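Subject: Structure handover

Hello,

I am passing on the structure below, with notes on a few places in it. Please read them with the coordinates open.

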Amino acid sequence: MVRLVSHPSSQILLRHALAEITGLTERWPDRRVILIVPEASKADVERQYLERTQAGGLLMAEVLSFRRLAFRLFAAAGGLAVKRLTSTGRAVLIGKVLLSGQAQFRRFGRLRQKPGFAVQLSAMLEEFSRYLVTADALETAADTAGLPREKERFADLALLWQQVEAARHEAGFVDSAADTDRLIRLLLDNRDPALAFLSDTDVYVAGFGELTPFSGSESAVIRALAERVRQVTVLLPAGPGRSFLHARRSRLSLQRAVPCEETALDVQLPERSPRHEFVFSESGEDEARAVAGEIRRLLRETDLTRRDIAVGLCRPEDSAVLADVLRAFEVPSFMDEASDIRWTPFSRYMTALLAISQKQDRLDDLMRLLVNPLSGILPDIADGFENTCLAAGLKRLPAILNQVKQPEFAPCIALLHEAGQLGAELRKTRSGEAKVHVLLRYLAAHPVLFDRIEAELADAQAGGFQLQATALARAVNEWQERLEETAGILGPQMISQAHFCQLLSESILRLDVKQIPAGIDRVRVAPLRYIVNYPAKVLFVTGVSARHYPQGDLPGTFLTTEERRLLSDVTDGAFPNGSDDHRLTAAALDRKVRQLPERALYFSTPDGAGAILPPELDLNKNWAIRRIKPGQPNIHWNHPTEAARRLQLLSGKERTAGWPQIWQKALEQALGHPFTVPAAAKDTGAAEAVISQDALLTALERRPVTSVSRIQDYNLCPYKFYAAALLGLQERDLGMPDPAVQGSFMHDVLKASLDDLMMRLSGVPAERAPAVIQAWRAWLRERGQADIETLLSSAGRARSLNFPGNDLRVKARLSPAIEANLDRIAHLYAARGARPVALEYRFSASDPQAIELEVSNVRYRFSGIIDRVDRYPDGTDVLIDYKRKDRKFDAAAFEAGTDIQLPFYENAWQKLNPSATVRGFYYHALNEHMLNRSVGFQPTQDDPGQHMCEVDRRLETDAGLAGRALEIAADTIARIGTGRIPAAPCIVKKSQIPCRYCAFRVTCRLDGLSEAAAQDRGDEA
């Protein structure tokens, strides 16, 4: 007996099932309960059950899919001890049948070389298995078809089915697509005592038969379960209208197959009035940013958690853009999508090896292997190798191996030599099984390859690229498992290297993998048909248009609509007929979308005013309409980085018209307090914002002025200080570390190396110090770049920063620069007899000895970091500040307050070290101008002081530079306290205009105002 429970809401049906299951396990703790749900819903339904029961585990209740149920029972009855043919193996088997030429196909023979053809056929045969379509039914369809093309295709499908089944049986495999058939036979025929527990088990089936009718295999499993278990309860939505037609068909098919008892739940639909909003954007990126901005607002202003929010994609291809934007907006999310493993570094590495094995050994083919992150070749070395080959006219592997002799390219030659040997061995090996074993032996003999894979995984995970990390790990596992499976399928059959490579590319490289939901409290993102099963309180539906909502285009399949209809007629409706079912699925999907959210339902389109909306949507007065206008402050501004980006992207027209109002609204929104923006001063072309004292105090409390760099920022440009220092607006390219991040890495590595020198010099007399320094310098040169890169990685992990993906080029560029800087420092120490006494020396505002300034009866305590302090043989100290470029002390910049850092720090060092005598300070340039590229990445042998700009003490005033620095800082704090923020930078030299590379250049409008003022004076702009 099957119990059919119905209600218009699938969510209420699921909650009813969970309530019954909880009651059963509470009343009868020994009774087993199995809840069968779609694979995509398993993790979420399991979580709902655990939260309802507040249990630490599933105990006697299990949440399974049909496939997992089969594995569960096979494990109990011994059905797992078989060689299973995966979807990848089925594609290999199909390719083997097509390439053998033994079967007389009418059409498939011409298509066997088409990319993806075997994978497409594999998916088609799996669908036939799911709907119990046999080879006999396909032959009947071939006889019934009226068009020659349809006759030939069905005849080929029938023949292919028979050939594949024969080859599978010969190889001793059991097709994974037949797991359902095996499960049915196990339930009906097997009376193994290990399955005795089924007689006292309750089974619930939820989430099926609504968007598509029950497949033949699903109905057959339910019938078989009814024969063995205590009771089967099937939950199916019911109601009037086309949206329930699939569910009605599922109910009828079940009633015809097995006795049913029907129960309609008498539960009122909850009274909900979710907010409906439609957002019009100009582009897909704008749409994604509007969604991310609204999610941030909901998380900040309401009691919603991240897992209460879901995003349904009408266009699944939009997921990549949305993932990047959500990451930029710092919204943790889970993308419920499959990853194509062909683009992972490991798959591209294997593809490059296979290409070389087919004698595709031109330079372009070889470079695909050398530039792969898993090759171990630094990008600069690979580029230099390619340039050398091009300059010498070397285009093929044999000539390259014979003529490229430069020692720096030895790693490239070694890798290519190995690849060439592997290719020769593969070509010499004749059988498919033996070829696979050659590849597996190659992988086993290269453990360093897997060390690089682990490093790539660590970098991707540390950078937040979880999806890419999962795809890489799955690619490695799938390649090894599928290669072993392929060996068993091909066996001793002779096969050419070209056909062998084609079979692998048609199977493994066409594989999509999915990941298990990562974490609980994340925003869930998935294609619309999957997200409607997720219990969301707020739902965003993106990419809405008449074409894509609610179901989208008819999925591309091997069979045409007419062929599907014909096969549906032959099987008495068991096989879905394509377009008709597609329209009913769309109606059901629209209903589920509207029933899902409790709080709010957002629809959005990336096509702006020209969007053609679906007829299902009626934008009446109950809808809130939002139109995102490019360049205007809006929901995009809910993240500081995006606010800065939007300020920079304002169009040219807005730069000269209405900019004060835009600036005022934007900053008020970001700060949360009002302030006024006076009109521009015509004589200077500059504008000035006056911030209210309340707003200023709020900003200073959140970001107090406790560092010298803040003082210098204000003196350099008050507007930039306000936007960056007080509001915290920043601009950074996604996925690329900014200069400050790169500088942090260099600081950490220099400190780690110089710490070693300090330990070596500890307790060493002054006369022996030069010898110790020379020994340390020689040790540095022996270590080379490999150890520098290790230090770089360690520094990154310490700061939770890494160089994932393309940023490995940044790491490769920093490594030789750091090596050169360490060599230069060692040279300077040896020449001048100095030694380091402090590295990254911190003084804190909480320290009783901290530098303190009193301005307007308010005490300001300062903190900071002195990069390095060196002590000279005469006992005097020199403070050193690392700079990215060459820098010299400028008295004018010092008086303007834009270069007071080191003189200010001199006070802190002197106060915290009373016995010290400070003789001055240096700027140490960390840029790459010190590298002589004509001889590789080696430091030039010039004066060690060339890039160490020492302050001339004769520039001191009577009060001294250190004392004057304190006066300038106090005066700047007083000016900040007035709340006046002029958009006018300090220009000490015409060649050093701070606007040139400012992230807020477009925001402050200084260029536009100067141009307007020039036009007012009649000058040429």
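**A buried lysine**

K592 is buried, since its relative accessible area is 4%, under the 20% cut-off. The model is a predicted one. K592 sits in helix α25, which covers residues 579-595. Neighbours within four places in sequence aside, the residues in contact with K592 are S10, E210, L211, V532 and N533.

**Helix α21**

The other notes concern α21. This helix takes in residues 466-490, 25 residues in total. From its first C-alpha to its last it reaches 35 Å, close to the 36 Å expected at 1.5 Å a residue. The residue that follows α21 is G491, with a positive phi near 55 degrees.

**How α19 packs on α21**

Helix α19 is formed by residues 432-444. Its axis and that of α21 come within 7 Å of each other, and they cross at roughly 155 degrees. Angles over 145 degrees count as roughly antiparallel, and α19 and α21 are therefore roughly antiparallel to each other. The crossing of α19 past α21 is left-handed.

On the α19 side, the contact is made by G432, E433, V436, H437, L439, L440 and L443. The residues they meet in α21 are Q480, L483, E484, T486, A487 and L490. By type, the residues of this contact comprise seven nonpolar, four polar and two charged. E433 in α19 and E484 in α21 are among the residues that meet there.

Regards

How values were computed:
Residues numbered from 1 in each chain as written. Predicted model: local features only at pLDDT ≥ 70, side-chain atom pairs only at ≥ 80, totals over all residues. Heavy atoms only, no water. Helix = DSSP H or I, 4+ residues; strand = E, 2+ residues; numbered from the N terminus. Expected span 1.5 Å × (residues − 1). Axes fitted to C-alpha atoms, helices over the stretch in contact; angles between N-to-C directions. Parallel < 35°, antiparallel > 145°, perpendicular 65-115°, else oblique. Left-handed = near helix turned anticlockwise from the far one by under 90°. Contact = heavy atoms within 4.5 Å. Nonpolar A, V, L, I, M, F, W, Y, C, P; charged D, E, K, R; others polar. Buried < 20%, exposed > 50% of the residue type's maximum accessible area, 1.4 Å probe, protein only.
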